[in-house]
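These are my notebook entries on one structure.

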Amino acid sequence: MTTTDAERPVLIAGAGPVGMTTALALNARGVPATILEAESEDRDRSGSRAIYVHGTTLHTLERVHPGLGENLVEEGLVWPTRRTCWRGKEVFKRTYENPGGDGKFPHFTSVPQVRTEEYMHEALDEAGIDIHWDAAVETVESSADGVHVETADGREWETPYLVGADGGGSTVRDEIGAQFEGDQSKNSFIIADVDELDDEDEQWPLERLFHYDDPSVGGRNVMLVPFTGGWRLDIQCIEDDDPDELVTDEKMREFVTAVMGDAYADNLTWVSSYKFLQVMADTFVDDHRRVLLAGEAAHLLAPFGARGMNSGVADADEAASAIAVAYRAQSAAVARDEVELYAARREKAAEYNLNAAGQALEYLQGDNPATVLRKEAAASLADYFEPAGEYLDDAPYGPHDAPPIVSTGNY
């Protein structure tokens, strides 16, 4: 470690939730941080995106900046009912009297990502952390002594550590020679946002709905999840679907009407289609242990089980913890060990999350004969055997077994 390390801020590439969490977590540990963001301050952030904020994430955000977790709880909502249908028939429904639990923070809160980011921006302002906009990272050169970064605004930066939180197309990942490895979903998925109605008497019940082979939308799987101010509507495309045809205004209006009723027909605000990637980088750190990858720069996950942003926040907090120790270490070996421990832990967690999301994706794509038979058998038994219905309700979100490293929480 050089004597100048304690005088230079740690750089973070990316001003999304993961990058902002990293900066706040470093600040909470007394380490100065600066964020470099490729896009402009007025960038488009449309779409609800990561709406499910897990309780573990709320605790982390509150710890790194007191009040941040509380703000998200106040802004978000906790839906009390889980409901599942099979080809037009209800097979499971459960309503919880206290769905959030009895702790200071609920088990989850449902809030649009844009609102999460707005509260994070407020936290950065309170902490005095700068975001440099229009400052895309272009080159990264690491050495045993630190990292040299050049950005698109013509500036050059020297930093003891760099965290790449610059998303799936990460330049930082490319610059350190890391490679994505994994698969892509066979099916496309349509994701849409629908505004809530003003008339409370006409509003859809506050519930998370999953409908297998919904006949009202041509036998496609449908998921409906509420968030503050609206609804997330997910539709799984079937074989021979052309997603570009299905996301037209006319077709989406038909889908919204079929699933939610005429009252919501004109409330569609955003729609997109995806094939989900299931990939992770072959290394989360550079050769000199000075560059760390976090969030979607390190792994891309299918969204089932809400593992994307939540696992990214866990990455961010652990990266900050490792850097804080390394930043002050008197021994270069100790510093390297801390960064290597970060990589070992978060690579293990990413493997777990990839496997869990992959199981859900395989289950939903539904071409495995054993899985198809299991679902059909459960649907036929659901009227008489509640665990069969609960299986159908749980399975689309992946397994619930314990993560590989307990201290990282659920992700």
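**Entry 1: aromatic pairs.** I counted the rings of Phe, Tyr and Trp (its six-membered ring) as a pair if their centres lie within 6.5 Å; planes under 30 degrees apart count as stacked, over 60 as edge-to-face and the rest as tilted. With that criterion, my search of the whole structure returned nine aromatic pairs.

I note that the model is predicted: local features need pLDDT of at least 70, side-chain atom pairs count only at pLDDT 80 or more, and totals for chains, interfaces and linings use all residues. Residues are numbered from 1 along each chain as its sequence is written, and side-chain values use heavy atoms, with hydrogens and water left out.

A pair of aromatic rings is described by the distance of the centres and the angle of the planes. I looked up Trp79 and Phe108, and found a tilted aromatic pair with 4.7 Å centre to centre and 45° between the planes. Helices (H or I, at least four residues) and strands (E, at least two) are taken as DSSP runs, numbered from the N terminus. On that basis Trp79 lies in the loop between helix 3 (68-75) and strand 4, and Phe108 in strand 6 (residues 108-110), so placed that the pair links distant parts of the chain, 29 residues apart. I recorded both Trp79 and Phe108 as buried, where buried means under 20% relative accessible area, exposed over 50%, and partly exposed in between (1.4 Å probe, protein chains only).

I then took Trp86 and Tyr212, which form a tilted aromatic pair at 5.3 Å centre to centre and 50° between the planes. Trp86 is in strand 4 and Tyr212 in strand 14, so this pair ties together parts that are 126 residues apart in sequence. Trp86 and Tyr212 are both buried. I also noted one aromatic cluster, formed by Trp86, Phe210, Tyr212, Tyr363, Tyr391 and Tyr397.

**Entry 2: charges over rings.** I let a charge sit over a ring if NZ of Lys or CZ of Arg is within 6 Å of the ring centre and within 35 degrees of the ring normal. Lys375 has its charged end over the ring of Tyr363, 4.7 Å from the centre; Tyr363 belongs to the cluster above. For Arg155, the charged end sits over the ring of Trp157, 4.1 Å from its centre.

**Entry 3: salt bridges.** Side chains of opposite charge can pair when their charged atoms come close. My criterion was a side-chain nitrogen of Lys or Arg within 4 Å of a carboxyl oxygen of Asp or Glu. The structure holds 27 such salt bridges.

I examined Arg82 and Asp393, whose salt bridge has its closest N and O atoms 2.6 Å apart. Arg82 is in strand 4 (residues 81-86) and Asp393 in helix 11 (residues 386-394), a link between distant parts of the chain, 311 residues apart. Arg82 counts as buried because its relative accessibility is 11%, and Asp393 because its value is 0%. I found Arg82 and Asp393 in a network of salt bridges together with Arg208 and Asp394.

Next I took Glu207 and Arg83, a salt bridge with the closest N and O atoms 2.9 Å apart. Glu207 lies in strand 14 (residues 207-214) and Arg83 in strand 4, so the pair ties together parts that are 124 residues apart in sequence. Both Glu207 and Arg83 are buried.

**Entry 4: helix 8 and helix 9.** Which angle do helix 8 and helix 9 make as they pack? I found about 170°, with the axes 8 Å apart; axes are lines fitted to C-alpha atoms, for helices over the stretch in contact, and angles run from 0 to 180 degrees between N-to-C directions. Helix 8 is therefore roughly antiparallel to helix 9 (angles under 35 degrees count as roughly parallel, over 145 as roughly antiparallel, 65 to 115 as roughly perpendicular and the rest as oblique). Contact means heavy atoms within 4.5 Å, and the residues making it include Asp315 of helix 8 and Arg346 of helix 9. I also found a salt bridge between Asp315 and Arg346, with the closest N and O atoms 2.5 Å apart. Asp315 is buried at 0% relative accessibility, and Arg346 is buried at 1%.

**Entry 5: helix 2.** I asked how far helix 2 (residues 55-64) is enclosed. Seven of its 10 residues are buried, so helix 2 is largely enclosed by the rest of the structure. Among the buried residues are Leu58, Leu61 and Val64. The partners against which the buried residues of helix 2 pack include helix 1 (17-28), helix 4 (113-127) and helix 8.
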